[in-house]
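Subject: Structure handover

Hello,

Please read the notes with the model open beside them.

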Protein chains: 2
Amino acid sequence: MVKIAVDMMGGDDAPGIVLEAVQQAVNDFEDLEIILFGDESQYTLNHPRITFRPTSEMITMEDEPVRAIKRKKDSSMVRMAEAVKNGEAQGCVSAGNTGALMSAGLFVVGRLPGVARPALVVTLPTVSGKGVVFLDVGANADAKAEHLYQNAILGHVYAKKLRGIEQPRVALLNIGTETQKGNSLTKAAFKQMDGSQQFNFVGNIEAKMIMEDEADVIVTDGFTGNMILKNLEGVAKSFGKIIKHDLLSSMKNKLAALMMKKDIKGIAKQLDYSEYGGSVLLGLDGVVVKAHGSSSAKAFYSAIRQAKVACETQIVENMRELVGEQSE
Amino acid sequence: MVKIAVDMMGGDDAPGIVLEAVQQAVNDFEDLEIILFGDESQYTLNHPRITFRPTSEMITMEDEPVRAIKRKKDSSMVRMAEAVKNGEAQGCVSAGNTGALMSAGLFVVGRLPGVARPALVVTLPTVSGKGVVFLDVGANADAKAEHLYQNAILGHVYAKKLRGIEQPRVALLNIGTETQKGNSLTKAAFKQMDGSQQFNFVGNIEAKMIMEDEADVIVTDGFTGNMILKNLEGVAKSFGKIIKHDLLSSMKNKLAALMMKKDIKGIAKQLDYSEYGGSVLLGLDGVVVKAHGSSSAKAFYSAIRQAKVACETQIVENMRELVGEQSE
């Protein structure tokens with residue numbers, strides 16, 4: 001049995017999509033228990049494997065993250081994180097304020113010993129359909145070389161345990177493939193990663209190769225990672241618009257456009273990070289999954305499943321071991 | 001009459017594509033003179049407005065930039081840059097080693113007084129087809145806030161003079177639109193740009209909005225800019241592959257795929273930065289245009305035209321004025 005704590009109040013379409021996703025998840029997985037935190041008046045479910053815990057406060061998208069976590073003690077997000085901290089649940093999922101969830105991870109759940117900075121990880125789509133583990137996408141915007149090194153370890157464990165890749169190829173995102181390329185941060189990080197015994201470092205990778213299946217894990221700082229993620233999202237949407245515009249302007253292709261409309265939408269979705277399910281906050285002493293703020297019920301369901309798998313594969317225990325090795 | 005110096009030996013397909021582009025350019029523009037630098041045995045043109053200057057050395061893609069510029073004094077690239085320095089030509093174009101061309105710009109052509117770091121600028125495609133000025137895409141990987149501020153001035157002048165936008169909207173590329181978002185670099189740059197009298201600062205812009213026509217100039221550091229540029233290039237190619245794969249796997253769409261094949265290729269080209277023509281190295285005391293290493297004759301021709309327009313609109317003189325204002 002896996003127990004997941006869920007924030008009922010986070011996200012643009014909460015609690016509707018959260019309730020729908022939770023219901024679906026307990027229906028599909030017989031070994032899943034959910035503890036749901038939120039406003040009692042909006043709670044509508046009834047299931048033997050769902051426990052409801054009423055909370056009186058809510059953290060909004062406008063709240064200043066650290067202050068919100070420290071002050072709104074009876075918010076659904078803080079109470080959810082506490083459930084992980086005190087061992088009641090093995091993991092948790094929220095679609096709420098990203099900064100606040102990171103703060104809840106840091107100050108309520110707590111870091112793993114030896115982890116300087118947690119990292120947000122996503123799996124990006126690749127041409128083969130296999131996907132690539134990509135971190136950090138926004139937890140640590142001012143990273144140092146040792147943080148990138150630690151991200152490599154966290155990504156290595158994530159790819160190995162959650163994605164079942166025996167010897168994941170770990171690459172450093174950079175502006176050239178040559179050893180001496182980059183800014184001062186990536187140059188220093190390259191030196192630390194090169195020849196590491198803790199993961200299989202395959203060198204620098206350029207942003208144009210991210211989706212080309214040349215690595216299983218791509219490591220970067222939270223500023224650059226967030227840029228890339230949002231750029232992918234933007235390109236998908238803009239690309240769709242350009243396709244639509246170019247196609248509709250050519251008479252002979254109107255038929256083709258109609259026939260392909262659904263396909264193009266599907267492809268744009270592949271590139272839209274809001275559809276990847278959740279991003280996992282790695283380096284914490286518990287499983288914390290961030291579902292996208294504009295999650296649909298389906299996306300939130302994926303995030304719950306992701307948290308469940310992370311718990312089952314003991315990702316936290318595995319990271320504790322490897323990060324410990326490093327800090328010794 | 002505009003005189004442009006051209007490096008005949010730079011680029012993957014030199015001198016073939018260079019010769020073809022130069023021939024086309026002098027045919028099309030009656031007020032254009034070209035001074036061509038390169039290996040005499042490969043020179044094949046004959047035109048009253050083309051002057052040929054034989055050179056005995058060549059800078060390759062493998063050369064270390066600064067050393068190459070300092071040692072290969074009779075290379076086509078160094079001689080080309082000298083022609084700008086000594087006033088023989090108003091501008092120059094090369095598809096050779098980017099780092100070497102930047103060094104030639106710095107050490108041969110020289111910086112404008114008051115410019116701390118030159119910046120590489122490109123025009124990215126946008127949904128409307130209007131395009132957006134984007135800099136720095138790789139000249140200065142370790143930028144400080146004051147460099148970003150200067151990039152904003154350079155981009156402002158470029159958009160105004162070369163693109164004819166009266167009051168260009170200048171935005172700072174960042175990981176959130178809110179004032180306090182970003183890493184330490186963008187936070188500091190925001191403070192300097194906010195309320196500037198030298199350009200029309202419209203605040204932060206996220207990477208997902210780059211192609212959405214919300215700004216006329218987008219400013220970033222050379223590391224992030226290069227990342228975004230390569231990511232766009234990669235997405236265009238990977239997207240093409242995914243479309244192809246997805247379409248061919250669905251029977252009913254094979255016809256549609258055939259009909260659209262050409263359109264998709266055209267759209268991918270719009271996103272492929274190698275097709276945007278050249279990138280201009282701004283902040284120098286002369287017009288220096290970098291054509292992409294894998295330029296076709298058409299792309300190199302665009303780069304020559306770009307250099308010509310930059311000379312005609314007196315972009316260097318305009319920048320000298322505004323940058324001077326700043327450093328007073």
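Helix H9 of chain B covers residues 297–312; its 16 residues reach 23 Å from the first C-alpha to the last, close to the 22 Å expected at 1.5 Å a residue. That expected span is 1.5 Å times one less than the number of residues. Helices (H or I, at least four residues) and strands (E, at least two) are DSSP runs, numbered from the N terminus.

Before going on, some conventions. This is a predicted model, in which local features need pLDDT of at least 70 and side-chain atom pairs count only at pLDDT 80 or more, while totals for chains, interfaces and linings use all residues. Residues are numbered from 1 along each chain as its sequence is written, chains are lettered from A and ligands numbered from 1 in the order in which they are written, and side-chain values use heavy atoms, with hydrogens and water left out.

Back to H9(B). Of its 16 residues, 12 are buried, so the helix is largely enclosed by the rest of the structure. Buried means under 20% relative accessible area, exposed over 50%, and partly exposed in between (1.4 Å probe, protein chains only). Among the buried residues of H9(B) are Phe300(B), Tyr301(B), Ile304(B), Gln306(B), Lys308(B) and Cys311(B). Just after the helix, Gln314(B) has a positive phi of about 50°.

Aromatic pairs

Rings of Phe, Tyr and Trp (its six-membered ring) pair if their centres lie within 6.5 Å; planes under 30 degrees apart count as stacked, over 60 as edge-to-face and the rest as tilted. Over all chains there are 8 aromatic pairs by this rule. In one of them, Tyr149(A) and Phe199(A), the ring centres are 5.3 Å apart and the planes stand at 55°, so the pair is tilted. Tyr149(A) belongs to helix H5 (residues 145–162) of chain A and Phe199(A) to the loop between helix H6 (184–193) and strand E8 (200–205) of chain A, so the pair ties together parts 50 residues apart in sequence.

Phe29(B) and Tyr301(B) form a stacked pair, because their planes are at 20°, with the centres 6.0 Å apart. Phe29(B) lies in the loop between helix H1 (16–28) and strand E2 (32–38) of chain B, and Tyr301(B) in H9 of chain B, so this pair ties together parts 272 residues apart in sequence. Phe29(B) is buried at 17% relative accessibility, as is Tyr301(B) at 14%.

Helix packing in chain B

Helix H3 (residues 76–85) and helix H4 (residues 98–109) of chain B pack at an angle of about 40°, with their axes 9 Å apart. Axes are lines fitted to C-alpha atoms, for helices over the stretch in contact, and angles run from 0 to 180 degrees between N-to-C directions. Contact means heavy atoms within 4.5 Å. Residues making the contact include Met77(B), Met80(B) and Val84(B) of H3(B) and Leu101(B), Ala104(B) and Val108(B) of H4(B).

Chain A

Chain A has 10 helices and 11 strands, and 61% of its 328 residues count as buried. Asn140(A) sits in the loop between strand E6 (132–135) and H5 of chain A and is buried, with a relative accessible area of 8%. Leaving aside neighbours within four places in sequence, its contacts include Arg117(A), His147(A) and Asp221(A).

Regards
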